[in-house]
Amino acid sequence: MTRGVRLIVLALGGAGLAALLVAACLDLPGFGGTWHPYGDRAVEASLSRRTANAIASVNFDQRAFDTLGEMSILFASVVGTVVLLRQTRDEKRGKPEPEEVALPVRRYALIVLPVAVLSGLYVIAHGQLSPGGGFQGGVVAATALHLLYLGADYRALERVRPVGLFEVGDALAASAYVVTGLAAVLAGTAFLANTLLPYGTFNTLASGGTVPLLNAAIGMEVACAAVVLLARFLDQAVEIEKENGER
Amino acid sequence: MDEPLIVVVLLLVAASATAAVAVRDPVHQALVLAVLGVALALLFTVLQAPDVGLSQLAVGSVLTPLLLMLSVHRVRRREKGRKGKAR
């Protein structure tokens with residue numbers, strides 16, 4: 001295909017996309033407004049199952065199967081990263097040397113670290129009640145752990161973060177989600193249907209049936225996945241070198 | 001609805017997104033991306049979607065820039081090693 005033909009194809013495709021987008025946007029309901037048919041139904045369904053956070057109800061109850069797909073995407077990307085960024089035969093592990101950390105940075109990191117980890121765990125635990133949930137809290141808790149790398153050094157981080165355990169945790173949490181879904185099948189309803197557990201009292205930690213369980217599984221999966229991802233990237237950035245000294 | 005607030009945050013998002021494209025150095029780009037993440041998180045919060053705002057804050061302004069910077073560091077380290085060997 002010559003350059004001219006390619007440009008014509010590109011222009012045709014672009015023009016078609018632009019026309020469709022404009023046509024679709026012209027048909028959209030106005031910004032804001034009070035007519036929310038999907039929202040009303042989702043809130044009604046979440047209240048009937050005593051889940052205070054309607055978003056958590058959509059994620060882990062009404063659309064729990066979608067969340068399974070999203071979790072699989074993250075899991076697959078972690079597996080891919082682990083395979084691609086492994087230490088190959090012609091690479092060796094160098095000893096990263098500790099560097100001087102400015103005192104304010106060290107103080108800040110060591111003070112904020114426990115607060116950030118706790119906030120992450122809080123966001124996971126209250127996913128069914130308040131904004132947030134397993135995904136958000138998991139990322140916060142996992143990245144907060146890496147403040148130790150800022151405040152101390154790489155070896156301190158490696159000591160509190162055995163990557164092998166987190167890899168196992170990632171797989172366990174992913175299977176826990178599927179097993180909770182299968183439990184519903186064994187109980188005689190559909191995969192991931194929220195009919196297994198009592199719905200509990202509205203706005204308490206144990207309310208919402210299987211929502212807190214699935215939320216916790218996602219929290220653990222995401223936290224472990226983020227730790228493993230960052231560990232592999234950090235390994236490449238800090239430790240792994242070519243055998244012949246070439247980095 | 002607080003329309004002026006939405007307009008201000010939208011402009012903020014547009015400005016930081018344009019900056020993220022205009023900046024050429026990958027390290028600076030990662031930093032601008034973190035700012036864009038915060039701006040987007042603000043936008044979602046103003047539009048009453050705190051759940052999405054939280055995800056945006058955690059992933060868009062922390063995790064993605066961090067992964068980008070680690071990758072850039074890795075590539076630069078390798079380039080430096082090659083140059084050192086050639087000398």
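Helix α3 (residues 54-62) of chain A packs against helix α10 (residues 211-239) of chain A at an angle of about 90 degrees, and their axes are 9 Å apart. Axes here are lines fitted to C-alpha atoms, for helices over the stretch in contact, and angles run from 0 to 180 degrees between N-to-C directions. That angle makes α3(A) roughly perpendicular to α10(A), a label used for 65 to 115 degrees, while under 35 is roughly parallel, over 145 roughly antiparallel and the rest oblique. From α3(A), the residues that make the contact are A:Ala56, A:Ser57, A:Phe60 and A:Asp61, and from α10(A) they are A:Val211, A:Leu214 and A:Asn215. Two residues are in contact if their C-beta atoms, placed from the backbone, lie within 7 Å. By class, this contact has four nonpolar, two polar and one charged residues; Ala, Val, Leu, Ile, Met, Phe, Trp, Tyr, Cys and Pro count as nonpolar, Asp, Glu, Lys and Arg as charged, and the others, Gly among them, as polar.

A word on what you are viewing: this is a predicted model, where local features need pLDDT of at least 70 and side-chain atom pairs count only at pLDDT 80 or more, while totals for chains, interfaces and linings use all residues. Residues are numbered from 1 along each chain as its sequence is written, and chains are lettered from A and ligands numbered from 1 in the order in which they are written. Helices (H or I, at least four residues) and strands (E, at least two) are DSSP runs, numbered from the N terminus.

Now turn to helix α2 (residues 37-48) of chain A. At 1.5 Å a residue, its twelve residues should span 16 Å, and its end C-alpha atoms are 17 Å apart, which agrees. The expected span is 1.5 Å times one less than the number of residues. This helix is hardly covered, with one buried residue among its twelve. Buried means 20 or more other C-beta atoms within 10 Å of a residue's own, exposed 12 or fewer, and partly exposed in between, with C-beta atoms placed from the backbone. After α2(A) comes A:Arg50, whose phi is positive, near 55 degrees.

Next, chain B. Its secondary structure comes to three helices and zero strands, in the pattern α-α-α along the sequence. Of its 87 residues, 25% count as buried.

Finally, see how the chains meet. The contact takes 20 residues from chain B and 17 residues from chain A. On the chain B side, ten are nonpolar, four polar and six charged.
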